[in-house]
Amino acid sequence: MARADGGLYASAPIVADRDPSRSPALRAELPGLEDAFDERVMHGRLHAALCEGERRGVIERCERAQAVYAPGDGCVVRYRIQVRDRSSGTGIPGLVIGRLFADPRSAHTYFEYRLAPLAGAMRGRPEVAPFATPVAVLEPLAMTVSLFPIDGELPTLVEVTDTAAMLDILRSTLPDARAGRFTPTRCHVDLGHYGRQHRCVLRYTIHGTRRAGEEAGPITVYGKVAADHRGALTAAVVPELRERVLRGKDSPFTVPRSFGFIESLQLTLLEALPGRPGISALLKDRARSGPGGNGVPTLARSIEAAARVAAALHGSGIALGPRRGIDDELVELRHAHAALQHVSPGLAAEFEGWLETLRACAAASDPGEPCLSHGDFTHSQLIFSGERCGLVDFDTVCRAEAALDLAQFLAYLRMNARKAGVPAEQLCARFLDAYMIERGYGPRERDALRARVHLYEMVSLLRLAFHSWQKFKPARLELAVELIHERLPSLGGWRT
């Protein structure tokens, strides 16, 4: 790291080890990594392990969907597969969860204690009917494989994807069902979002009848499963928000109703909000139409709407959630740096310089007062339906400086704008200005907030870089590094 009088890192050459799949250290740690990333090899191995001897099903296609390296816990690799049922000729999509270990013994232990009991609970389910077995150990790769919903880190997925079991649960939790206005008769389960290793979102479509017996329109409910008790906090925060923020006629946003947290299943049930995340689509529209295109005013209004949502959330006065300060963020980044040192030492050296800059700047500025914060406030958490905006995903609710949410939004806005080829500076300024107007901040408050937002934005960008590396996304990592090189020199008079 260099001070403002001699910064050199901004023009440092691109290091060669930003793709951990090519790291000799990681390949030595996980001997099966190379084969696990080869779709042709895994096609054959998965068919042999899951379908061999079963005349009913054959795996016709295998595609690596995503991978995540978890330092100390191996690597999770997921595969989208297409299985043809020989008896009917129909193609059935599926998802296989693979977990790489350092040695076959660890794989067998995980299989015996985590996967085999869940496989027994899946017996007779249609999802596993075309397969000889839903779980297996690929010993040459020191790897376990299991068919979704068998996930050793989320064991309750087996039960919460069981339509019969969920029909009973929904009958006892949905307000209209409890009041006798709606009788659920059928339930269909779809995989919603499964991007994170210890969380999964499911979409339940419930069909039923009204009080008089006539067919009712389907109801959509989202179920969120986590490996911890964060759903209990969601179930507490959502009603508070609905009470405090949504009471007025001009509330800036809405939140889904909570239908409760079922602790034994680690399952949170929430209503579906109409609409879709709109800002990413508007950025792409802006890229196509140019600065004078029709998408520009709508994009600007959406950015301002996001600022109003953040202002209302932070001004709600709700005192729920764990405390989360800048020291917590820096500790997390130190752990990230330790993981990088082992696998990608060149990137780790860059990361260390960035981190030292953040430490110095954090010590040189005063923190803001903690308030209710979303904890992962990005444009993808905002659902737009016409002029209405909804806020979703309360898994990371906390008490933190307002700068945490504002910076997270700006970091992801910059990243997506860069991907779309759209200049981000005016959009970011519009968001922050609209927020400060909404909160009624004066000049001194604005200066203090801008300094903390810049600090937290760099924290978000470093985290983005690490997660991109961890998920074997070198192109996304390069985008994050570009933004770090551009933004870090102006942080507190330091350069990189």
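## Exercises on a cavity and a pocket

In this predicted model, strand S3 makes the largest contribution to the lining of the largest cavity, giving three residues.

**Exercise 1.** Determine how many cavities of 30 Å³ or more a search of the whole structure finds, and describe the volume and lining of the largest cavity.

*Solution.* Begin with the search itself, which finds one cavity of 30 Å³ or more in the whole structure. Next take the volume, which for the largest cavity is about 80 Å³. Then turn to the lining, where 13 residues take part and where Ile 97, Arg 99, Tyr 110, Asp 151 and Gly 152 are the closest to the centre. Assign the lining to elements: two or more residues come from each of strand S2 (75-85), strand S3 (91-100), helix H4 (104-121) and strand S5 (143-147). Finally, sort the lining residues by class, which gives four nonpolar, five polar and four charged.

**Exercise 2.** Work out which element supplies the largest share of the lining of the second largest pocket, and how that lining divides by class.

*Solution.* Start from the space in the second largest pocket, about 880 Å³. Its lining is made up of 33 residues, of which Pro 93, Gly 94, Leu 95, Phe 148 and Leu 191 lie closest to the centre. List the elements that each supply at least two lining residues, namely strand S1 (57-69), S2, S3, helix H6 (163-173) and strand S6 (182-193). Among these, S6 supplies the largest share, with seven residues.

Terms used:
Residues are numbered from 1 along each chain as its sequence is written. This is a predicted model: local features need pLDDT of at least 70, side-chain atom pairs count only at pLDDT 80 or more; totals for chains, interfaces and linings use all residues. Side-chain values use heavy atoms; hydrogens and water are left out. On a 1 Å grid over the protein atoms alone, a cavity is a set of points where a 1.4 Å probe fits but cannot get out, and a pocket is an open set with protein on both sides within 12 Å along at least five of seven lines; lining residues have an atom within 4 Å of a point. Grid points are joined across faces, edges and corners, and a volume is the space filled by probe spheres set on the points. Helices (H or I, at least four residues) and strands (E, at least two) are DSSP runs, numbered from the N terminus. Ala, Val, Leu, Ile, Met, Phe, Trp, Tyr, Cys and Pro count as nonpolar, Asp, Glu, Lys and Arg as charged, and the others, Gly among them, as polar.
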